[in-house]
Amino acid sequence: MSFVLHCPHCGPREVTDFRFGGEVRAGTGSRPADERALTRALYLRANVDGLQREWWQHRAGCGAWFQAERDTGTNRVLRTVAS
Amino acid sequence: MPMRDLLRTRRMWRPRQKLKDHYDVIIVGGGTHGLAAAHYLARNHGITDVAVLERRYLGSGAAGRNTTIVRANYKTPEGARFYDASLKLYEGLSAELDYNLMFSQHGHLTLAHSDRALMVMRERAEANRLLGIESELIDAAEVASMVPVMAPLHAMEHPVRGALYHRPGGVIRHDAVVWGLARSADRAGAELHPGTEVTGIDVRGGRAVGVRTNRGKVSAGTVILATAGWSSLTAQLAGVELPITTHLLQAFVTEPLKPLLDTIIVSGDLHVYVSQTDRGEFLIGSEIEPWTTYRMQGTLNFLQDCSRHALELFPWLERARMLRAWAGLCDLTPDYSPILGACEVDGLLLSAGWGTYGFKAAPIVGHTLAEQVATGRTPELIAPFALERFHRDELVSELAAAAVSH
Ligand SMILES: Cc1cc2nc3c(=O)[nH]c(=O)nc-3n(C[C@H](O)[C@H](O)[C@H](O)COP(=O)(O)OP(=O)(O)OC[C@H]3O[C@@H](n4cnc5c(N)ncnc54)[C@H](O)[C@@H]3O)c2cc1C
Ligand SMILES: [Zn+2]
């Protein structure tokens, strides 16, 4: 039918309440070494089938961004953490 | 009639054989792209030492789940030229395969609900016409006379101001495309291997030399990855990371109704597109879900939003029963253009990044990748779609022409 995320501030809500912010990329924050590294950081994605750490924003609620751990093969959300 | 054809009377293609140790070409993915590559390798280049490895059954992916729209009115010259070449191949494909693909080129209308949309479409029509692609802007009165069953255009919540009309656009039966291509490839001598999952790609000295499967190890001269929604996963087996995310796309059909609609209607503003199938069902679809997933299960919010928007265009659908709904995976790139041809691993060719629009491209993908295998050179038509474009900052943005309009 759908799936439910627990906003760390508001509680469980349907996924349609949230904005998806994409997978959390390792090493973001540090400055890319060269142009190729910059392109990698900008465009390349692991796009895993399985456990993915990802960004969400509670758009229809408190507006906060947080991270979730979701299994992209089942859409089961294992946990969410405030950031 | 040869003996083997006598034994084949009830089958479209031979049952799978034992996997050999080596093939000139291994194609991963038994959707429309993989099968088209096998077909054109044999037909255009006489290359038949080919195996198509498919994890499930042929056509089990997006090939058998799409809404069958074929059109060429893309926005960029690179895209329009490419999709137009594909449409031309589709026009001759029933004859080529000796198999009726039920291609109806009944026209494709993209509705404009604002002045801005009209302006953007006028530009797109110009750009299309410069490339010899039939594409024109029509006004609201013309839309109304072409589609008399649509709600009164001015009374809509988002009134229709005009439309981009693409006469050669249409629908072609997706299952038939899969079956026709598979039969042709099989008859030419290529092997079809359903139930065969590629679990590893052997790379030696920067070159792909074979694959590992649930049925053993096979070496290959060239490996083609045509795995659409699963492209990130198969490319990673060779250590190649792609600018792709995988999303859910859904569609549903109503019960069959009498023939009422003989064009494809797309509304970007309403996030909906509608056509009527040969069986009479109204086929209704929308955009992808924004989150990534590999789970092919539909959502209730899709049915809700999509039926609401379809009713805005066709209020009398209120009484139609919904017959079935389904979902498939879409491999989306940042510029809404595909990734085709060579990558950083030699001997590995890609057909990926098909988003919601890859069905219409199947013939030209098979055609060009077969040429690349045979000649070792990248065909000009697909050069703009190389994976390397992301590093060269040469994106081919089709956002405006590909987001809702598949
Ligand atoms: C609901 C929906 C509507 C759409 N509507 C349209 C439309 O109107 N027009 C249009 O042009 N496009 C449309 N598309 C997009 C289009 O269907 C796809 O882009 C296109 O089918 C992709 O090419 P394919 O047929 O080769 O892919 P697929 O049929 O998905 O083939 C890929 C195959 O690879 C196999 N595979 C994956 N991993 C492995 C592995 N490790 N080993 C072996 N095999 C593997 C899969 O099982 C699958 O069969 C739509 C898609 C969906 C989901
Ligand atoms: Zn919240």
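Analyst: Start with the spacing of the two domains of chain B. The C-alpha centres of domain 1 and domain 2 of chain B are 30 Å apart. This is a predicted model.

The domain assignment builds both domains from separate stretches of chain B. Domain 1 takes residues 20-66, 174-244 and 335-402. Domain 2 takes residues 105-170 and 246-332.

The two domains touch. Domain 1 of chain B puts 16 residues into the contact, and domain 2 of chain B puts in 11 residues. On the domain 1 side, α7 (231-236) and α11 (399-402) of chain B give at least two residues each. That side of domain 1 holds seven nonpolar, eight polar and one charged residue.

Now the ligand. Around ligand 1 there are 41 residues. Which of them come nearest? They are B:Gly31, B:Gly61, B:Ala63, B:Gly328 and B:Gly358. Three elements of chain B supply two or more residues to this shell: α2 (32-45), β12 (245-254) and β16 (322-332). Both domains of chain B take part, for the shell draws at least three residues from domain 1 and at least three from domain 2. By class, the shell has 15 nonpolar, 20 polar and six charged residues.

One of its residues is B:Leu323. Is B:Leu323 buried, exposed or partly exposed? B:Leu323 counts as partly exposed, because 13 C-beta neighbours lie inside 10 Å.

What does B:Leu323 touch, leaving aside its neighbours within four places in sequence? The contacts are B:Val253, B:Thr254, B:Glu255 and B:Glu281. B:Pro256 is 67 residues away from B:Leu323 along the chain, yet their C-alpha atoms are separated by 8.7 Å.

Last, the other chain. Chain A and chain B are in contact through 16 residues of chain A and 20 residues of chain B. On the chain A side, helix α1 (residues 35-43) gives the largest share, three residues. The chain A side divides into five nonpolar, eight polar and three charged residues.

To put the ligand back in its setting: the shell around ligand 1 draws on domain 1 and domain 2 of chain B, and strand β16 of chain B is among the elements that give it two or more residues.

Conventions. Residues are numbered from 1 along each chain as its sequence is written. Chains are lettered from A and ligands numbered from 1 in the order in which they are written. This is a predicted model: local features need pLDDT of at least 70, side-chain atom pairs count only at pLDDT 80 or more; totals for chains, interfaces and linings use all residues. Domain bounds come from an automatic or database domain assignment. Two residues are in contact if their C-beta atoms, placed from the backbone, lie within 7 Å. Helices (H or I, at least four residues) and strands (E, at least two) are DSSP runs, numbered from the N terminus. Ala, Val, Leu, Ile, Met, Phe, Trp, Tyr, Cys and Pro count as nonpolar, Asp, Glu, Lys and Arg as charged, and the others, Gly among them, as polar. A residue is near a molecule or strand if its C-beta atom, placed from the backbone, lies within 6 Å of it. A residue is buried if 20 or more other C-beta atoms lie within 10 Å of its own, exposed if 12 or fewer, and partly exposed in between; C-beta atoms are placed from the backbone.
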